[in-house]
Amino acid sequence: MGSQGGFGQSKEFLDLVKSIGEARSKAEEDRIVLHEIETLKRRIAEPDIPKRKMKEYIIRLVYVEMLGHDASFGYIHAVKMTHDDSLSLKRTGYLAVTLFLNEDHDLIILIVNTIQKDLKSDNYLVVCAALNAVCRLINEETIPAVLPQVVELLGHAKEAVRKKAVMALHRFYQRSPSSVSHLVSHFRKRLCDNDPGVMGATLCPLSDLITIDSSSYKDLVISFVSILKQVAERRLPKSYDYHQMPAPFIQIKLLKILALLGSGDKQASEQMYTVVGDIMRKCDSTSNIGNAVLYECICCVSSILPNPKLLEAAADAISKFLKSDSHNLKYMGIDALGRLIKISPDIAEQHQLAVIDCLEDPDDTLKRKTFELLYKMTKPSNVEVIVDRMIDYMVNINDNHYKTEIASRCVELAEQFAPSNQWFIQTMNKVFEHAGDLVNIKVAHNLMRLIAEGFGEDDDTADSQLRSSAVESYLRIIGEPKLPSAFLQVICWVLGEYGTADGKYSASYITGKLCDVAESHSSDDTVKAYAVAALMKIYAFEIAAGRKVDLLPECQSLIEELSASHSTDLQQRAYELQAVISLDARAVESIMPLDASCEDIEIDKSLSFLNSFVQQSLEKGAQPYIPENERSGVLDVASLRSQDHHEASTHSLRFEAYELPKPVIPSRAPPVSVSHSTELVPVPEPSYPREVRQTASVSPFSETGPSELKLRLDGVQKKWGKPTYSSPAPSTSSSSSQRTVNGVTHSDSTGNPNSKTRNTSHDSKRSQVEISPEKQKLAASLFGGSSKPEKRPSSTGHKVPKTSTNSGAKSHMEKGVVSASEISIEKTTPLQPPPDLLDLGEPSITNIAPFVDPFKQLEGLLDPSQDASAVDHGAISSSKSSDFMSLYADMPTSGENSTVANPLSSNLESFGSAHGGSTVVYPTQTSKGPNLRDALEKDALVRQMGVTPSTQNPNLFRDLLG
Amino acid sequence: MSIFLAKVRRSSDSPDLLSQAATMIHFVLLFSRQGKVRLTKWYSPYSQKERTKVIRELSGLILPRGPKLCHFVEWRGFKVVYRRYASLYFCMCINQDDNELEILEIIHLFVEVLDRYFGSVCELDLIFNFHKAYYILDELLIAGELQESSKKTVARLIAAQDSLVEAAKEQESSISNIIVQATK
């Protein structure tokens with residue numbers, strides 16, 4: 001603290017800082033600051049303030065502004081201070097203005113002159129101060145005023161000045177690239193500056209330039225590589241060392257540049273392999289900065305043309321990151337993994353458990369990063385698990401920014417990889433329900449189109465099934481409060497089109513629901529418009545089908561209300577609805593054909609059907625039509641408009657002049673005199689089936705961003721996980737890596753995972769046992785693809801530990817299970833020999849027989865006992881036994897399950913592992929463990945998926961989205 | 001069905017307050033464990049109102065985090081890297097794809113330079129001499145980029161400025177003394 005007195009601040013200022021420091025609340029702080037502002041306002045306006053006093057005032061202003069208050073009344077004094085001759089004051093002035101003013105502030109113009117003068121100063125410190133200000137304050141307009149001087153300073157004798165001049169030019173480049181585009185040669189020259197600081201600074205602008213256009217800097221690859229090599233060989237002055245690393249910040253910058261230059265360039269990439277490899281070897285992975293460089297190397301390796309050796313080194317580094325205890329490194333590992341899987345998709349497999357650990361980590365940052373990774377590695381086989389996870393997470397967060405992002409990712413993945421339309425619709429429902437206000441409205445339109453177009457082929461039954469299920473799910477949801485607008489639009493549209501299509505629901509039921517929607521969302525015109533349009537469709541279909549239409553009273557009142565609505569759009573719809581229902585069946589059918597939303601509308605642009613009418617009129621003496629551009633006396637505007645082949649006659653109203661706020665389709669439809677009605681009624685809605693169909697025909701896909709619809713073909717076919725049994729090599733490696741992962745978790749409490757020192761290790765072991773099966777399961781579903789487990793030998797894996805990746809991993813897990821249960825057995829029922837447990841799984845092939853979902857039934861029962869068991873095993877064994885008995889009673893369906901025969905009744909773990917053994921029976925299951933509830937849920941899900949034909953018709957779906 | 005198509009929705013909470021473009025570090029923030037601001041430096045344009053909001057949001061986001069968690073938080077599409085020294089938090093905001101570990105070390109570099117300058121720096125040094133801290137930061141970072149990574153060079157420059165300032169001060173006071181004397 002000792003230094004605070006010696007810098008010339010007055011006691012007053014020190015007191016201010018102190019009192020703010022001691023303020024107990026924000027309000028108190030604000031009060032003090034406001035008082036200070038009043039004081040300063042008064043003082044600063046006094047005449048003849050001594051300069052040193054003024055300097056202190058300015059610093060106090062800076063302080064006030066830093067605390068978030070407005071000090072703009074004093075800006076001008078700070079500007080004045082920059083004019084001062086004394087460096088001390090000038091420096092303070094520059095500091096204050098750079099902190100106060102943004103680059104577009106009006107006062108800047110008053111400083112430019114001073115800056116110009118100071119850039120010419122003999123004192124290099126003055127020049128430095130001015131250059132600092134240049135970097136902050138000079139905007140696009142004022143660049144020319146200082147540019148020549150700054151360029152001149154590139155050759156200044158002092159390296160500090162050269163460095164700042166480079167940074168200033170870099171800033172100019174960012175502000176206005178064209179202003180310095182002719183100076184590129186200067187940057188190249190500065191790269192060879194004697195001073196490493198200047199060279200390092202030059203990397204900033206070069207990196208920007210290369211980002212924009214790497215091709216014109218390929219010749220620099222050799223220079224960059226040689227600089228990097230020299231840096232790595234410690235040829236730079238010692239003062240650039242940081243934590244024993246030679247100039248790491250410069251290394252990082254160079255690696256960034258090399259990554260840009262080597263991307264997609266074989267020759268350039270080859271030039272850098274050696275040096276990047278060297279650096280990776282030399283990196284000190286115990287220090288943070290070493291890891292920073294290492295991470296940058298991985299980024300570089302994943303960006304340049306792949307080199308097997310470097311990839312291997314990168315993979316090693318990643319696994320070090322992931323295995324680290326530091327969350328920072330795990331985070332970097334996940335990020336790096338995301339970069340590397342683009343090149344070698346296989347490497348993720350060995351880290352699956354680490355990834356899942358990160359996914360379940362309480363640290364939100366890490367979790368989100370992991371979601372990003374999952375997003376990158378999604379493929380058809382794991383899309384369901386990933387998207388479900390994402391949605392689960394999305395539901396529980398409040399951060400709108402991230403919610404939007406994750407929602408759009410869900411949508412994107414669902415559109416790309418959805419295994420079935422059913423699933424797609426369900427997923428979209430969930431996304432809309434929880435983040436509907438945040439997703440792009442296009443998503444809603446895509447969903448509508450999907451439902452409308454169905455599978456896109458001849459499979460009509462599937463189409464109608466899809467629609468009925470959509471209708472059904474929407475009718476279920478519709479009553480819920482607070483549905484987002486976009487989702488309601490979809491619901492209304494679908495109900496209107498297909499609500500009555502399968503005959504399951506009566507028209508009056510659907511219309512009632514629609515009226516409810518319109519009523520309960522009376523402030524949302526768009527939803528109301530959709531609802532009315534849907535009503536019209538329902539009634540039209542009823543009339544066309546020859547049924548008598550009774551308007552519900554609430555519908556009647558809705559129409560009346562809308563007829564008087566302030567929104568002309570709603571009025572129009574209401575009147576149209578009334579008009580349509582008064583027509584006869586034949587007319588209605590032709591206006592509102594059933595299920596015609598996807599049909600093309602043919603437009604007769606020449607209006608040939610009017611020819612006879614025109615002929616007649618001409619014969620009666622009417623004026624012949626003169627095309628607009630041939631007419632005289634027409635405004636220029638009109639002729640301009642004619643380029644748009646708008647042929648609106650000048651005699652009629654010009655509708656185009658009143659562009660609607662919403663961009664509306666009719667601009668595409670040539671508005672010809674007859675079709676004015678369409679223009680008049682810019683009803684942006686399906687109430688006009690012709691328009692709708694036309695839209696579909698004109699641009700079936702134009703509205704959807706390419707990114708949303710494009711099928712990402714690369715990587716789709718690539719499986720992460722190798723087929724389980726194909727090669728023994730990866731299996732051993734993965735199982736061993738898992739072992740080490742487990743080893744890590746173990747090492748906290750006990751050195752030896754399978755040791756029999758049960759007293760100390762019991763709890764930790766069990767907790768691990770409780771988690772890992774679920775993780776294994778998740779890992780399998782994320783990484784392994786769904787087909788793997790089927791090949792698992794039907795034994796409790798630990799006898800044949802290395803048959804396959806999956807079983808290898810699992811066997812280890814089960815070993816854990818067994819050992820844990822072994823312990824507990826010995827504790828509670830010491831008579832029971834463990835081997836029985838192992839036998840449980842083997843004979844159960846017979847179990848395939850009738851299976852009525854005992855898991856589901858058991859779920860509820862298991863819950864409490866499981867929680868309890870997590871807390872303390874021994875103490876609650878009695879209560880558990882009762883639970884178990886009830887389980888026992890519920891078990892007859894799986895009666896042959898050997899658990900029943902096993903008298904280990906008071907031991908829940910044994911029950912769990914018994915299941916673990918017997919699960920082999922069900923081909924879709926991967927692993928089971930004591931964490932019964934989760935396992936059961938998963939199991940139910942898996943079997944449900946098995947029932948739902950997920951591969952029903954993947955091609956059709958692809959067609960739709962392609 | 002799709003006439004509303006063109007009505008593209010914009011998220012109300014737009015992250016594009018500032019250009020995502022080139023700036024590496026968007027701002028530097030120092031606040032205490034009690035959330036009191038100790039130093040702020042904005043390299044991207046933020047209005048005074050936004051600044052207050054940013055500080056409030058970030059201190060709310062960072063202060064509750066446990067010591068073992070990542071030293072990074074995602075925030076409005078950016079990343080904020082922070083590091084705690086005693087009761088003081090140093091934060092820097094960067095773009096999504098920047099190297100977080102590097103930023104952690106830049107923070108540490110700044111702290112080392114401060115330490116060297118003040119002689120085992122503590123929070124009080126920064127409170128009472130925040131303008132000095134600004135000068136040091138200005139020698140380290142410029143326009144959001146690291147301009148100098150050598151502690152020695154930075155220290156030398158600051159020392160040169162200080163000595164000049166001190167010299168000027170002495171001169172000034174002696175002149176004013178003369179004037180005072182003369183006008184007596």
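This is a predicted model: local features need pLDDT of at least 70, side-chain atom pairs count only at pLDDT 80 or more; totals for chains, interfaces and linings use all residues.
Local features need pLDDT of at least 70 and side-chain atom pairs count only at pLDDT 80 or more, while totals for chains, interfaces and linings use all residues; side-chain values use heavy atoms, with hydrogens and water left out. Residues are numbered from 1 along each chain as its sequence is written, and chains are lettered from A, with ligands numbered from 1, in the order in which they are written.

**Cysteines**

A disulfide is taken as a pair of cysteine sulfur atoms within 2.5 Å. By this rule there are zero disulfides over all chains. A:Cys300 is in no disulfide, and the nearest cysteine sulfur belongs to A:Cys297 at 7.0 Å. B:Cys70 is likewise in no disulfide; for B:Cys70 the nearest cysteine sulfur is that of A:Cys358, 8.4 Å away. Burial is judged by relative accessible area: buried means under 20%, exposed over 50%, and partly exposed in between (1.4 Å probe, protein chains only). A:Cys300 is buried at 0%, and B:Cys70 is buried with a relative accessibility of 0%.

**Two helices of chain A**

Helices (H or I, at least four residues) and strands (E, at least two) are DSSP runs numbered from the N terminus. Helix H12 of chain A, residues 196-212, contains A:Ser207. A:Ser207 has a relative accessible area of 19% and counts as buried. Leaving aside residues up to four places away in sequence, A:Ser207 touches A:Ile257 and A:Leu260, where contact means heavy atoms within 4.5 Å.

Helix H24 of chain A runs over residues 441-453. The expected span of a helix is 1.5 Å times one less than its number of residues. For the 13 residues of H24(A) this gives 18 Å, which agrees with the 18 Å between the end C-alpha atoms. Of these 13 residues, 11 are buried, so H24(A) is largely enclosed by the rest of the structure. Among the buried residues are A:His445, A:Asn446 and A:Arg449, as well as A:Leu447 and A:Ile451.

**Salt bridges**

Side chains of opposite charge can pair when their charged atoms come close. Here a salt bridge is a side-chain nitrogen of Lys or Arg within 4 Å of a carboxyl oxygen of Asp or Glu. The structure holds 43 salt bridges over all chains. Three of them are listed below.

| A:Glu12 | A:Arg43 | 2.8 Å |

A:Glu12 is partly exposed, at 31% relative accessible area.

The pair of B:Asp162 and A:Arg91 crosses between chains, from helix H5 (residues 151-183) of chain B to helix H5 (residues 87-100) of chain A. B:Asp162 is buried at 15%, and A:Arg91 is buried at 7%.

B:Glu105 is buried, with a relative accessible area of 2%.

Salt bridges that share partners also join A:Glu12, A:Glu36, A:Arg43, A:Glu56 and A:Arg60 into one network.
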